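Good morning, colleagues. Please look at the screen.

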Amino acid sequence: MINTMSNPNLLQAIQNSFIGRDTEYPLVDGSSGPRRYLDSAATTLMMQPAFDVARSFLDHYASTHSDLHYAAKGASQAYEWAHERVLAFVGADPAEYCAYFTGSGATAGFNRIAAELSAKRPERDVVLISEMEHHSNDLPHRKHNGETVHVPLMGEGPGYGGIDLEVVTEIVRKYGKRINYLAVTGASNVTGALTPIHEMAQLVHSVGAYLVIDASQMIAHAPVAMADKTMDDADIDVLVFSGHKIYAPGSPGAVIAKSSLLASMTPAELGGGMVDDVYLDKYIPSSALPDREEAGTPNIVGAITLGAVLDVLLRIGMDKIREKEIYLINLAWEKLSAISEVNLYGAAPDVMPRTGTISFNIQGFDHGLTAAALNDYHNIQVRNGCFCAHPYVRELLKPELWALDIDPDAPNSEADVERKRGMARASLGIYTTEADILALVEAIVDLISRKEEILSLYEPEGSNGYRHREYVPAAGAIFNPETALEAALNMQLNCVA
Ligand SMILES: Cc1ncc(COP(=O)(O)O)c(C=O)c1O
């Protein structure tokens, strides 16, 4: 048996073990080849060893919360193990913190936390959030709290982004004890801007406010710790992330919160598993954590997949993963910033620490055209649009949009405007290679060199997209569940034939 703990080869072995990383797709010229997946900020590919753990569990599948048959005992223990892995991954002391799973991602966690924290301290009617939040870490707070104050960021124009501690200090001083909590992303899903989370904790704790961190874009890219032992009063109260953004598609969202905080709140969701007893006229919620926060039958398979991923990443070491990503970010930034026709957003990585999420536009190309042409001609998969962070994207685009006589903040704009009001986004994962980055750069250079031809080959589709005028991918090139089901059923029928 090879010792996998901190094995120097583990990172390399894992990078090459993602399901679907090399799936082949056709190109306009009739050839086909493996894709380059640069859309990890939207969702990551599945880590094969974690999938294998989940598959093994299915041989023993049963529900949790019982110990009296072997399968249920195994399921309960494995589900508990998944909780322990989450706590270990963020260095949370189990005596102080509790982890629970919720919904299909971080969104469910934010809705729960916003409802619970606002109900706990209605006298604190202000919530602070930054201007770079994903809508999931914005709208739930607006819904449940009296006043939501959006905290401005550093810099301006295309370089806008990253938390300005002086600005936050001023705002915390202004609203003082009216602030219930500050909810801020650990890393932007548009520019990758990283937040100094422990400094933020100190600041808000000075007025008795809580700190809620959206770790959705940070968790797979940088080491995350609930507390920084070198700083006083710098521990995070609540941290939320999505399992599908850390190589476990199909897994739930995770919330890590101080147990004392959860124990003092009424659970937002009710049902089986979270009560000690129910009578016709009353019910008694359980005091056990995480049970009281996990009403209903949990996503056991997803939680175990996530637990396995986190264990693997702990064995590799998140510092090593960050180191590799920094190398790729710097390489991409250096090459892309040298192309005068490319606009990059957020400040350079040496000025603003950032994760491997790089949003850009090619001058003269709408964001949808860039994404479509990268896919059709180069097999490079990037996302485009406003990435559910509309206020932040509009702020970054202001100078460009003003130059085109477009009002960045005009509500419900025409499709022609929406096609300009967005970006393309290349985002990295642990499986991204130097070759992927160089291929992206080369592809962008190619599109720029054929600008007129590319513009004439595509027509707009909807408010966001572009379609090639002549090229249509062959039937079967894109996943179709019915075809996959037919193949699966045929395999079963062959077994009985
Ligand atoms: C920063 C950030 N927060 C929250 C979310 C919401 O995550 P989910 O859709 O998994 O609930 C996302 C998803 O893109 C995100 O990037």
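Across the interface of domain 1 and domain 2, zero salt bridges are found, a salt bridge being a side-chain nitrogen of Lys or Arg within 4 Å of a carboxyl oxygen of Asp or Glu. The rule does find 21 residue pairs in polar contact across this interface, both residues at pLDDT 80 or more. A polar contact is a pair of N or O atoms within 3.5 Å; within protein, one must be able to donate a hydrogen and the other to accept it, and residues adjacent in sequence count only if both atoms are side-chain atoms.

On the side of domain 1 that touches domain 2, the elements giving two or more residues are helix 1 (10-15), strand 1 (18-19), helix 10 (318-337), strand 16 (357-362), helix 12 (390-403) and strand 19 (423-427). Helices (H or I, at least four residues) and strands (E, at least two) are DSSP runs, numbered from the N terminus. Helix 12 contributes the most to that side, with seven residues.

A word on provenance: this is a predicted model, in which local features need pLDDT of at least 70 and side-chain atom pairs count only at pLDDT 80 or more, while totals for chains, interfaces and linings use all residues. Residues are numbered from 1 along each chain as its sequence is written, and side-chain values use heavy atoms, with hydrogens and water left out.

The domain bounds, which come from an automatic or database domain assignment, are 10-46 + 317-468 for domain 1 and 51-315 for domain 2. Their C-alpha centres lie 29 Å apart. How much area do the two domains bury between them? The value is about 3300 Å², 63% of it on carbon and sulfur atoms; buried area is the accessible area (1.4 Å probe) that two parts lose on being put together, summed over both. M46, M318 and Y392 supply 22% of the area that domain 1 buries against domain 2, more than any other three residues.

An oxygen atom of the ligand is 2.6 Å from an N or O atom in the side chain of Q217. For the side chain of S242, the corresponding distance to a ligand oxygen atom is 2.7 Å.

Finally, the backbone. L289 and P290 are joined by a cis peptide bond, with omega about 5°. P290 lies in the loop between strand 14 (283-285) and helix 9 (300-316).
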